[in-house]
Amino acid sequence: MSSIPVVEPPDESAEDVIERLGMVPIPEEGAWYVAGPRTQGLNAITVLLTNRPDGFSAMHRLTVDEGWQWLAGAPAALLRLRPGGSGVLNYVGEEHAQVLVRKNTWMGATTLGWWTLLSCWCAPAFRPEHFELGERAALVAEYPTFETEISTLTRDAPVGRMR
């Protein structure tokens with residue numbers, strides 16, 4: 001895996017991006033989003049990860065596949081924990097701009113700079129019943145090798161409620 005590039009301070013702040021795109025907090029998961037195109041078979045959102053305490057995507061899993069595509073800003077670290085106890089930490093950025101997260105895989109992400117702008121899409125289209133928020137203790141028990149990453153990508157309480 002190649003090295004992570006040094007990230008210079010962006011010209012635009014995270015607050016500027018949030019305002020420009022009309023973003024709102026992602027319920028339970030954290031970070032920011034704005035809805036994109038939607039059909040029954042597919043939907044997309046634009047996501048902003050920030051270096052603030054509420055700015056990471058907490059560990060969660062979906063019962064549908066989700067694609068992640070880097071758009072701008074710093075690279076992001078994306079942790080994927082697969083059924084059965086294995087996992088991988090990927091970097092989503094200019095060099096490796098796309099990652100697919102298969103259904104039922106735990107995932108969480110954080111920016112490696114001030115902020116990261118991503119496009120995320122789900123197929124079939126996301127519905128709240130597809131979502132499950134991860135709990136730190138249970139994830140660490142199942143994936144002890146990733147204890148540090150799990151601790152970084154979970155919260156004591158969710159950011160709001162989805163339903």
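Reader: Which backbone oxygen does the side chain of T154 reach?
Author: The side chain of T154 reaches the backbone oxygen of I150, at 2.8 Å. Please keep in mind that this is a predicted model.

Reader: Which side chain does the side chain of T154 make a polar contact with?
Author: That partner is the side chain of R136, and the polar contact spans 2.7 Å.

Reader: Is T154 buried or exposed?
Author: T154 is buried, because its relative accessibility is 6% and the cut-off for buried is under 20%.

Reader: Let us change topic. How many residues are in the largest nonpolar core?
Author: The largest nonpolar core has 19 residues, and those with the most contacts inside it are V47, L49, W68, L78 and L118.

Reader: Which strands supply at least two residues each?
Author: They are β3 (43-50), β5 (65-73), β6 (76-81), β8 (98-101), β9 (106-111) and β10 (115-123). The strand that gives the most to this core is β10, with three residues.

Reader: What does V47 touch, leaving aside neighbours within four places in sequence?
Author: V47 is in contact with M23, I26, A31, W32, Y33, T116, L117, L118 and C120. A further core of twelve residues lies apart from the largest one, and its members include L139, V140, Y143 and L153.

Reader: Now the open sheet, please. What is the order of its strands?
Author: The sheet has five strands in the order β7-β6-β9-β4-β11, and the pairing is antiparallel. At its edges are β7 (87-92) and β11 (131-133), each of which pairs on one side only. From one strand to the next, the twist averages 25°.

Reader: How many bridges link β6 and β9?
Author: There are six bridges between β6 and β9, in the antiparallel sense. In one of them, L78 has A109 of β9 as its bridge partner.

Reader: And how many bridges pair β4 with β9?
Author: Strand β4, residues 57-62, pairs with β9 over two bridges, also in the antiparallel sense. S57 is bridged to A109 of β9, and H60 is bridged to M107 of β9.

Reader: Is β9 mostly covered or mostly exposed?
Author: β9 is mostly covered, with five of its six residues buried.

Reader: What is L133 in contact with, setting aside neighbours within four places in sequence?
Author: The contacts of L133 are E28, E29, A58, M59, H60, W106 and P158.

Terms used:
Residues are numbered from 1 along each chain as its sequence is written. This is a predicted model: local features need pLDDT of at least 70, side-chain atom pairs count only at pLDDT 80 or more; totals for chains, interfaces and linings use all residues. Side-chain values use heavy atoms; hydrogens and water are left out. A nonpolar core is a set of buried Ala, Val, Leu, Ile, Met, Phe, Trp, Tyr and Cys residues joined through side-chain atoms within 4.5 Å. Buried means under 20% relative accessible area, exposed over 50%, partly exposed in between (1.4 Å probe, protein chains only). Helices (H or I, at least four residues) and strands (E, at least two) are DSSP runs, numbered from the N terminus. Contact means heavy atoms within 4.5 Å. A polar contact is a pair of N or O atoms within 3.5 Å; within protein, one must be able to donate a hydrogen and the other to accept it, and residues adjacent in sequence count only if both atoms are side-chain atoms. Two strands pair if DSSP finds at least two bridges between them. Axes are lines fitted to C-alpha atoms, for helices over the stretch in contact, and angles run from 0 to 180 degrees between N-to-C directions.
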